[in-house]
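Please look over the structure below before reading on. My notes follow it as numbered points.

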Amino acid sequence: LSLWETSFSGGVVMRNLGHLQQFEMVLRARSPLFIGSGLTYHKHEYCYQSQKKTVSIIDQDAFFRLLIERNCIDVYEAFVLNQPKNLYAFLSHECRFSAEQIERITKYQVSAADALSENKPLQELHAFMRGANGDAYIPGSSLKGALRTILLCDLISREKKGSWPKGKNKKESSLRMGELEGAYFHTLSLQKKVSGEIKNDPVNSIMRGVSVSDSGVISDQQMILCQKIDVCPDGNQNRVNVCRECVKPRTEISFTVTLDQSVLKNTITANTILQTIQKYSHFYEEQFDSSFERPDGDAGISYENAIVLGGGSGYFSKTIPYVYLGAEKGLEETAEIMKWLFPRNSEKTGIHDFDVETGISPHMLKYTKYNGALYPYGVCEVMIR
């Protein structure tokens, strides 16, 4: 660490070591942010305390040891088979576990926020990404993937290379899309074809010059549960039976970004990243978000200097048809892609068959509720320090 030289520019602390530049990138969540781990907790695997409005995720090994110790295995099996309502009430009343015993078998506890209520059935919980020690964090690959899409959109907006990859099916179109993206990113000469042309291979990608660390630990006090709400273009809301563990608004999450200028040749710097994010945030708001009427109770958050990240942020924030083809043709192409992804069942009308007539595809904006207000998922202000 002592080999790094520190410099200051525009309030940014930059560490330099030869061709390497390193700085801190901070995301400040403007809305609930979900990075899924793939784990799902069923309602018999967590304790919901309605008075405290908290959810305790149970350590299954410790839990079953205590059930065996208290001779409650048969009672618990009957509870699970009879469509359980509330594990906390079951443990407190039928198994007579004390609050201290329940606390001992708890892995971690988060706020139920607006997602759960004692007057509504409990839901399955989609868990946030956590490390081996149980701490919540965001993998660097999640942030780098978002930056990659934004940088690609910027390159496309400045220069069109090749033709749009029309495919006969989803797989063929995806392969051709990779070839198109390679025209922008796979420009290094580390691997060449026999003819001397640069090979379209990730080994040649300029993004190898961008490294993003995993985030710092996100405390359980900064985590909340959020229910998924689909918002239609006319502002109508459809509540979906999906509950996610999210980072709550106004939480700051830090990453270390390292740029290898021997690869990037100063085409990507801390300043150009911020400029590109600002440009893309305007495009996202004008092209996609503005196609939806504000639902009642909308929190009215800003997309200025922000990225849209994580689960629930939607197809638009992760793809390029609109920026490459423009609004009209981008809508037609995205509607076709949506039909591939979500085909109609038997003779029923597909859910995306009328996206073109609706004027936007995908035709749902993913929202959730926090402190009584509605927020779109995953909007994060980006700062460099």
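1. Basis. This is a predicted model, in which local features need pLDDT of at least 70 and side-chain atom pairs count only at pLDDT 80 or more, while totals for chains, interfaces and linings use all residues. Residues are numbered from 1 along each chain as its sequence is written, and side-chain values use heavy atoms, with hydrogens and water left out.

2. Make-up and extent. The protein chain has 11 helices and 16 strands. These are DSSP runs, numbered from the N terminus: helices are H or I with at least four residues, strands are E with at least two. The C-alpha atoms fill a box of roughly 75 × 65 × 45 Å along the principal axes.

3. Burial and surface. Of the 385 residues, 49% are buried. Buried means under 20% relative accessible area, exposed over 50%, and partly exposed in between (1.4 Å probe, protein chains only). The chain exposes about 19500 Å², and carbon and sulfur atoms supply 48% of that area. Accessible areas come from the Shrake-Rupley method with a 1.4 Å probe; for residues, only the protein chains shown count as cover.

4. Contacts. Take the contacts between residues at least 6 apart in sequence: 72% of them join residues at least 24 apart. Contact means heavy atoms within 4.5 Å.

5. Cavities. The whole structure holds two cavities of 30 Å³ or more. On a 1 Å grid over the protein atoms alone, a cavity is a set of points where a 1.4 Å probe fits but cannot get out; lining residues have an atom within 4 Å of a point. Grid points are joined across faces, edges and corners, and a volume is the space filled by probe spheres set on the points. The largest cavity has about 40 Å³ of space. Its lining is Y280, F283, F316, T319, I320, P321, Y322 and V323. Helices α8 (270-287) and α9 (321-325) each give two or more residues to that lining. The most come from α9, with three.

6. Q287. This residue is in helix α8. Q287 counts as buried because its relative accessibility is 19%. Beyond neighbours within four places in sequence, Q287 contacts F316, Y322, A327 and I360.

7. D230. Strand β10 (residues 223-231) holds D230. D230 counts as buried because its relative accessibility is 11%. Not counting residues up to four places away, D230 touches N236, Q237, N238, V240, M364, L365 and K366. D230 and T368 are 138 residues apart in sequence, yet 8.2 Å apart in space, C-alpha to C-alpha.

Notes
On a 1 Å grid over the protein atoms alone, a cavity is a set of points where a 1.4 Å probe fits but cannot get out, and a pocket is an open set with protein on both sides within 12 Å along at least five of seven lines; lining residues have an atom within 4 Å of a point.
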